[in-house]
Amino acid sequence: MQASAESRSELRVDLPDEAATARLGAALAQAIEADSATIERAGLVIALSGELGSGKTALVRATLRRLGVAGLVRSPTYSLLELYSISKLNFYHFDFYRFSEPGDFVSSGFRDFFGPGAVCAIEWPERAGEQRLTIDLRIRMQIADSGRIAQFDALTLVGQECLDGTKRAWQMSPDGAC
């Protein structure tokens, strides 16, 4: 279900350093935890776009740390997928950088991972042909003179709930500001 134009919102965050990225990842994790019942029913798809080195993996890693993952959090650049079980949710971290065409997503079988009880964080979603995916929350990461910038956009009602929760958690975190 798409978010309506009136309720659709955005969040833009300046991330001057790694600590700020970790705080933003923690805020996103808090929103995921708060919306876990909704995610159990509907799932959550997060699309992370941005050039190499813009902080996509660092943001996911910080989110997973806050969700309780204590072990190694690998970038899925070579494996394409890393799976983490978090309470009743499965957290799938995809990296489609190595896809050469959108048909690679179709033939990969990854579509089966999307659905109720799953958080799917996808780096390089454009390489899978985004029209094949229902994205709830889009996060655009970019390199800036001052560090990094994260731009969140809610595209569905589930994404809107997650974005609202992320905003609340960010505003309550030390040094959090929108």
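**Close-up views of a predicted model**

**View 1. Ala47 meets strand β5.** The bridge partner of Ala47 in β5 is Ile122. This is a predicted model, and here we look at how strand β2 (residues 44–49) joins β5: the two run parallel, with 5 bridges between them.

**View 2. Strands β4 and β5 side by side.** Strand β4 (residues 89–95) pairs with β5 in the parallel sense, over 6 bridges. From β4 the chain passes through helix α4 (residues 103–108) on its way to β5, a right-handed β-α-β crossover.

**View 3. Cys120 and Cys162, two cysteines apart.** A disulfide would need the two sulfur atoms within 2.5 Å. Seen from Cys162, the closest cysteine sulfur is that of Cys120, again at 13 Å. Searching the whole structure gives 0 disulfides. Cys120 counts as buried at 0% relative accessibility, and Cys162 is buried too, with a relative accessible area of 2%.

**View 4. A cluster of aromatic rings.** Ring pairs link Tyr92, Phe94, Phe96, Phe99, Phe105, Phe110, Phe113 and Phe114 into a cluster. The count of aromatic pairs comes to 12. One of them is Phe96 with Phe99: their ring centres are 4.5 Å apart and their planes meet at 10°, so this pair is stacked. Both Phe96 and Phe99 are buried. Phe110 and Phe113 make a tilted pair, because their planes are at 50°, with the ring centres 6.1 Å apart. Are these two partners buried or partly exposed? Phe110 is buried, at a relative accessible area of 10%, whereas Phe113 counts as partly exposed at 28% relative accessibility.

**View 5. Arg127 over Trp124.** To finish, take a look at a charge and a ring: Arg127 lies over the face of Trp124, at 5.2 Å from the ring centre.

How values were computed. Residues numbered from 1 in each chain as written. Predicted model: local features only at pLDDT ≥ 70, side-chain atom pairs only at ≥ 80, totals over all residues. Heavy atoms only, no water. Buried < 20%, exposed > 50% of the residue type's maximum accessible area, 1.4 Å probe, protein only. Phe/Tyr/Trp six-rings, centres within 6.5 Å; stacked < 30°, edge-to-face > 60°. Lys NZ or Arg CZ within 6 Å of the ring centre and 35° of its normal. Pairing = 2+ DSSP bridges. Helix = DSSP H or I, 4+ residues; strand = E, 2+ residues; numbered from the N terminus. Right-handed = clockwise from strand over helix to strand, strands pointing away.
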